[in-house]
Amino acid sequence: MAQEKVKEIKITQVKSAIGSPKVQKLTIEALGIKKLNQSKVHKATPQILGMVKKVRHLVKVEEL
């Protein structure tokens, strides 16, 4: 089978997680983001996209 090239996405936290449910805080932490305005680059796997969907109101996503 031919392998598809997995796209990469840049995830930047733009809003504080203070006051958010604990699950959302843990999701932000699992994405590797520790500070406001910090960015991380991840491969756009279904698992990462699901995590981003949970915290989409706290992050900005850019396709690379």
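Reader: Which residues is valine 55 in contact with, leaving aside its neighbours within four places in sequence?

Author: Happy to start there: they are Gln24, Thr27, Ile28 and Leu31. Contact means heavy atoms within 4.5 Å. Bear in mind that this is a predicted model, in which local features need pLDDT of at least 70, side-chain atom pairs count only at pLDDT 80 or more, and totals for chains, interfaces and linings use all residues. Residues are numbered from 1 along each chain as its sequence is written, and side-chain values use heavy atoms, with hydrogens and water left out.

Reader: Where does threonine 27 lie, and is this residue buried or exposed?

Author: Threonine 27 belongs to helix H1, residues 22-30; helices are DSSP runs (H or I, at least four residues) and strands are too (E, at least two), numbered from the N terminus. Buried means under 20% relative accessible area, exposed over 50%, partly exposed in between (1.4 Å probe, protein chains only). At 12%, threonine 27 is buried.

Reader: Which residues in H1 are buried, and why are they on the same side?

Author: The general idea first: an α-helix has 3.6 residues a turn, so residues three or four places apart point the same way. In H1, the buried ones are Gln24, Thr27 and Ile28. They share a side of H1 because their arc around the axis is only 100°, taken from the directions from the helix axis to the C-beta atoms.

Reader: What covers the buried residues of H1?

Author: The cover includes strand E1 (8-13), helix H2 (46-54) and strand E3 (59-63). On the face turned away from the buried side, H1 carries the exposed residues Lys22, Val23, Glu29 and Ala30.
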